[in-house]
Amino acid sequence: MNTYFNPVRTFQGYGILSHLEQLVEQYADPQKSILLLVWHADVLHLEELEQLCIREEKRLLIHCFSASNPELEQLYEMYRITRDKKIGMVIAVGGGSVLDVGKSLCCLYGKGEELSNPEDLRRLIASKDYGSPACRWIGIPTTAGTGSEVTCWATIWDPAKGVKHSIDTQSNYACAAIADPQLIETLPLPLAVSSALDAAAHAAESYWAKAANTVSRALALEAIRIIMGQIDHLLEKPSEREAHDAMSRGSMLAGLAFSNTRTTACHSISYPLTMQYHIPHGVAVSLLLGPVLLLNRPALRDMDALLNAFGLTCPQELGKRITGILAAAGHPVKLRDWGVSEEMLPSLAAHSMTKGRADNNPVQLTEKVVHNILKKLM
Ligand SMILES: [Fe+2]
């Protein structure tokens, strides 16, 4: 269906974090506490957050969440230690992990006896019956890649069960997303690059997703054009503000695109690579972009527009372009260099069929198709 919806108020650009104060005034219930969830306490030295801490001292609760790929038990623990604090707003400042935990908490508060242990949380996620979130949240990304600030779902890993959960409800969009490039300037280059390529993958997969629409396609192409147009500058001069601003803009646009379409084969195939071999998410998904583009070629509506946005002339060039960028940022680009062996490919292929991602790919994914793709990346 050709329709688009996203209710998040977006703020993007250098200095835009100064809007936080007015947003807290507008959206936070004055009778309740505010949970400020951060990746690391260092971020509290930012002038705007320092002011928030002073102004809201009495009702502000600060917690650090410093784990990549948040796990169900970790989310439950954060819920357990904050559930009795009458939280009326969550402000999540960090990468995708912090934003995903922050937004998930909004769906968990107020559940009382229903959520007494991690197993209850598993049951709630399986039922998808979250009801209305108990509070609202503001997303402030410190990486430019996940787009989590403008999506209504959160990825929660469950290694004990060998699965990835999605806490997912249309009623849990942020009230505001603030993407200020000053927060991403100090990212280590390998992380900045893998995050940017994750965003490029969100946009490309959104472009060819079954659920794509006119608006999401336009957002996706612009996101790719901005990211790929500046990524070489990011590699050459990592201190340049223009490149960071571009990654911040591109990531947010990609997030807005895939907030309506979700991702497809690249993300689906990447999950077991990240879970079993700890390949960073942005590296795993972007390595898959080239081969998945070739797979999807027959189903693509306007290949030229997509290639143009990537700055390429034929689809065969994409794989090389991506591995060139990853290698320049210091990432291994062969699966075997990440510890993957040929014998493991059938098992990886079998675990690649993530519901809602694999079946959102315009060309049918089978274990044989995935096996061939993985083999090419060895
Ligand atoms: Fe992603």
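This report walks through a predicted model, from its domains down to single residues.

Domain 1 gives 19 residues to the contact, and domain 2 gives 25 residues. On the side of domain 1 that touches domain 2, eight residues are nonpolar, nine are polar and two are charged.

## The open sheet

Six strands make up an open sheet. Read across, the order is S1-S8-S5-S4-S2-S3. The pairing is parallel. Strand S1 (9-12) and strand S3 (60-64) are the edge strands, so each pairs on one side only. From one strand to the next, the twist averages 15 degrees.

S1 runs parallel to strand S8 (residues 176-179), and four bridges join them. Within this pair, Phe11 has Ile178 of S8 as its bridge partner.

## Helices that pack

Helix H1 (residues 20-27) packs with helix H2 (residues 47-55). Their axes are 10 Å apart, and the angle is about 40 degrees. H1 makes the contact with Leu20, Glu21 and Val24. H2 brings Glu48, Gln51 and Leu52. By class, this contact has three nonpolar, one polar and two charged residues.

## The largest nonpolar core

The largest nonpolar core holds 118 residues. Which members touch the most others? They are Val90, Ala196, Ala200, Ala203, Ala223, Ile224 and Ile227. Helix H6 (residues 189-208) supplies the largest share of this core, with eleven residues. The core draws on both domains: at least three residues come from each of domain 1 (9-181) and domain 2 (187-376).

Take Ala203 as an example. Leaving out residues up to four places away in sequence, Ala203 touches Ala220, Ala223, Ile224, Ala254 and Ala257.

## Residues to find in the model

Start with Glu47, in helix H2. Is Glu47 buried or exposed? Glu47 counts as exposed because it has 10 C-beta neighbours inside 10 Å, and 12 or fewer is the cut-off for exposed. Now trace from Glu47 to Leu189. These residues are 142 residues apart along the chain, and their C-alpha atoms are separated by 24 Å.

Next come two residues with a positive phi. Most residues other than glycine have a negative phi. Lys128 is not a glycine, yet its phi is positive, near 60 degrees. Lys128 sits in the loop between helix H5 (118-127) and S5. Arg262 is not a glycine either, and its phi is positive at about 65 degrees. Arg262 sits in the loop between helix H8 (241-261) and helix H9 (265-277).

Why does Lys128 count as exposed? Lys128 has 10 C-beta neighbours inside 10 Å, and a residue with 12 or fewer is exposed. Arg262 has 20 C-beta neighbours inside 10 Å, so Arg262 counts as buried. The cut-off for buried is 20 or more.

Terms used
Residues are numbered from 1 along each chain as its sequence is written. This is a predicted model: local features need pLDDT of at least 70, side-chain atom pairs count only at pLDDT 80 or more; totals for chains, interfaces and linings use all residues. A nonpolar core is a set of buried Ala, Val, Leu, Ile, Met, Phe, Trp, Tyr and Cys residues joined through C-beta atoms within 7 Å. Domain bounds come from an automatic or database domain assignment. Two residues are in contact if their C-beta atoms, placed from the backbone, lie within 7 Å. Axes are lines fitted to C-alpha atoms, for helices over the stretch in contact, and angles run from 0 to 180 degrees between N-to-C directions. Ala, Val, Leu, Ile, Met, Phe, Trp, Tyr, Cys and Pro count as nonpolar, Asp, Glu, Lys and Arg as charged, and the others, Gly among them, as polar. Two strands pair if DSSP finds at least two bridges between them.
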